[in-house]
Amino acid sequence: MNDYRPVAADAATLLLDVLQAPQILAELPALAEHADADLMREVLEQAGKFVGEVVAPLNRAGDEIGARWANGNVTMPPGFRDAYQAFWQAGWPALSADPADGGQGLPAVLEMILYEWLSAANHGWTMAPGILHGAYECVKHHGSEELRAQYLPKLATGEWLSTMCLTEPHAGSDLGLARTKAVPQADGSYRISGTKIFISGGDHDLTDNIVHLVLARLPDSPPGPKGLSLFLVPKFYPDGSRSAAVCERIEEKMGLHGSPTCVMRFDEATGWIVGEPGKGLNAMFLMMNAARLHVALQGVGLLDAAWQKASAYAQDRRQMRAPGPRDASQPADPIIQHPAVQRLLDTQRAWIDAGRVLAYRTALELDVGRHHPDAARRERAQQWCALFTPVLKASWTDQAFHGASDCLQVFGGHGYVREWGIEQVVRDSRVAMIYEGTNEIQAQDLLFRKVLSDRGVGLLRLLDELQADLAPLSGDAAARALEGVARLRGLVQSLPEAQAPAAQALYPVAGDFLRATTIALMAWAWARLQASGGDARSATAFARWVWPELDWRCRMVEQALA
């Protein structure tokens with residue numbers, strides 16, 4: 001079994017040549033000093049080295065030994081704590097945090113690429129720091145002065161890790177049903193009581209403290225999501241005493257054995273409010289939106305991990321005779337020469353490369369949305385992120401699982417046993433289609449909340465920008481992308497008003513609308529890739545095996561409206 005190896009040069013090519021990141025970042029006063037191609041290459045090179053040499057070798061043990069629970073405490077797999085201590089002490093969690101809080105102030109896209117590689121190399125280990133930056137942003141923008149002073153430096157550097165405590169046993173994605181209570185105290189604190197489930201990293205021994213961010217209800221709060229407030233409950237208080245935040249057990253899961261998924265019980269645990277009463281979801285969405293883009297890149301990274309394993313195996317494994325010229329000195333040909341295997345592998349590569357272009361562009365838009373001096377440009381960037389984050393999350397986590405299954409197929413029977421490691425990727429990737437909002441929720445969010453809510457005006461504006469971006473390009477890929485933009489534009493223009501009776505018919509095909517959007521965006525990404533010399537075989541695979549999906553997905557939506 002081969003460990004995952006990031007290819008920093010490939011990421012640098014996408015950032016510098018395809019997306020022209022330095023030019024974009026140079027327009028942002030807060031990041032202009034980091035708009036340096038050599039700096040980006042160096043950060044990526046060192047990040048890839050750390051991931052490949054320190055984190056990736058722990059993946060097998062993390063899966064086979066897993067996290068262990070005893071008497072309310074979780075022990076992580078061998079090597080996990082040492083790797084995490086090296087990780088934060090080297091400054092990796094602090095890449096994009098504010099220098100005033102102990103961060104490095106680098107562009108968000110570099111952090112996103114780092115976590116893509118970490119997920120590909122060791123998904124279980126990466127779950128622990130995966131939401132750290134989101135928690136940092138949440139406390140930074142919504143926490144009181146006292147909370148910021150106490151917790152921001154530790155969160156910014158990663159010395160302490162965090163959790164996001166939303167889900168309850170009776171309420172999965174329907175957060176409005178949450179019943180955890182927060183009772184105010186005379187000293188301004190609150191007593192938090194309730195049970196949360198599916199809490200990644202709810203307890204562990206990677207860091208000396210864990211900062212829990214917990215959704216709960218005040219005694220007089222109204223029912224539903226508007227009655228939720230957000231509270232900070234640490235594992236240990238400043239005086240060293242332990243809070244009444246108890247890990248009751250960890251779940252026995254299909255995959256991600258290296259990540260403890262905890263049932264957390266809060267027994268009148270002392271905590272402090274983050275943000276305003278009744279505005280807990282507003283604060284929490286700072287974490288959730290960042291987390292969804294991270295999850296999209298988990299999908300990209302896990303698909304790349306599966307592709308790396310399958311591609312290496314296909315180069316060496318000899319089975320039967322492939323069509324075309326033969327090596328007469330050998331009794332069989334490498335299976336990479338068989339057209340069916342080529343199709344499987346090249347199709348995954350087409351998804352990986354396009355997914356990276358789109359996700360890295362979205363990460364750049366995050367910084368533009370925060371820092372650009374022009375308000376109109378900030379608004380367009382925020383609209384890009386709002387519309388396309390659910391597309392990326394749903395489609396690339398879906399492809400991670402199904403594409404990893406296709407890569408397992410390359411191994412034949414060897415893929416179904418543990419020796420080669422590909423079955424772990426299939427198991428580990430499946431959960432990404434579920435958490436941070438199931439993919440079905442992402443599709444409904446896109447269609448009903450982001451598109452129908454404004455009659456598609458925002459999406460049509462972005463399609464105009466993509467069309468303008470394609471105008472200078474030539475060739476089959478550019479023509480295909482223009483066709484995709486036009487087809488998606490026509491579909492959007494045919495949609496009814498959100499409150500119209502016809503809109504009800506769209507619920508079953510929300511996923512089809514999201515997939516149509518995905519394929520049109522991939523066509524744009526491949527036009528940009530080919531203009532910069534992208535891989536010809538992967539481009540052909542996109543045109544032959546992925547692109548035709550746009551037509552039938554559009555037909556599914558049109559049929560629902562007929």
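What classes of residue make up the lining of the largest cavity? By class, there are four nonpolar, three polar and two charged residues in that lining, and the views below lead up to it. This is a predicted model, in which local features need pLDDT of at least 70, side-chain atom pairs count only at pLDDT 80 or more, and totals for chains, interfaces and linings use all residues. Residues are numbered from 1 along each chain as its sequence is written, and side-chain values use heavy atoms, with hydrogens and water left out.

**View 1. Helix H8, residues 132-142, is largely enclosed by the rest of the structure.** Helices are DSSP runs of H or I with at least four residues, numbered from the N terminus. Eight of the eleven residues of H8 are buried, where buried means under 20% relative accessible area (1.4 Å probe, protein chains only). Among them are Leu132, His133, Gly134 and Tyr136.

**View 2. Leu132 is a buried residue of H8.** Its relative accessible area is 2%. Leaving aside neighbours within four places in sequence, Leu132 is in contact (heavy atoms within 4.5 Å) with Tyr84, Pro93, Leu155, Gly158, Trp160, Leu161 and Ser162.

View 3. Ser96 counts as buried, at 15% relative accessibility.

**View 4. The largest cavity has a volume of about 60 Å³.** A cavity is a set of points on a 1 Å grid over the protein atoms alone where a 1.4 Å probe fits but cannot get out, and lining residues have an atom within 4 Å of a point. Grid points are joined across faces, edges and corners, and a volume is the space filled by probe spheres set on the points. His133 and Gly134 are part of the lining, together with Ala108, Glu111, Met112, Ala290, His294, Leu366 and Arg370. H6 gives the most, with three residues. For the classes, Ala, Val, Leu, Ile, Met, Phe, Trp, Tyr, Cys and Pro count as nonpolar, Asp, Glu, Lys and Arg as charged, and the others, Gly among them, as polar.

Conventions
Buried < 20%, exposed > 50% of the residue type's maximum accessible area, 1.4 Å probe, protein only. Helix = DSSP H or I, 4+ residues; strand = E, 2+ residues; numbered from the N terminus. 1 Å grid on protein atoms, 1.4 Å probe; cavity = no way out; pocket = protein on both sides within 12 Å on 5 of 7 lines; lining within 4 Å.
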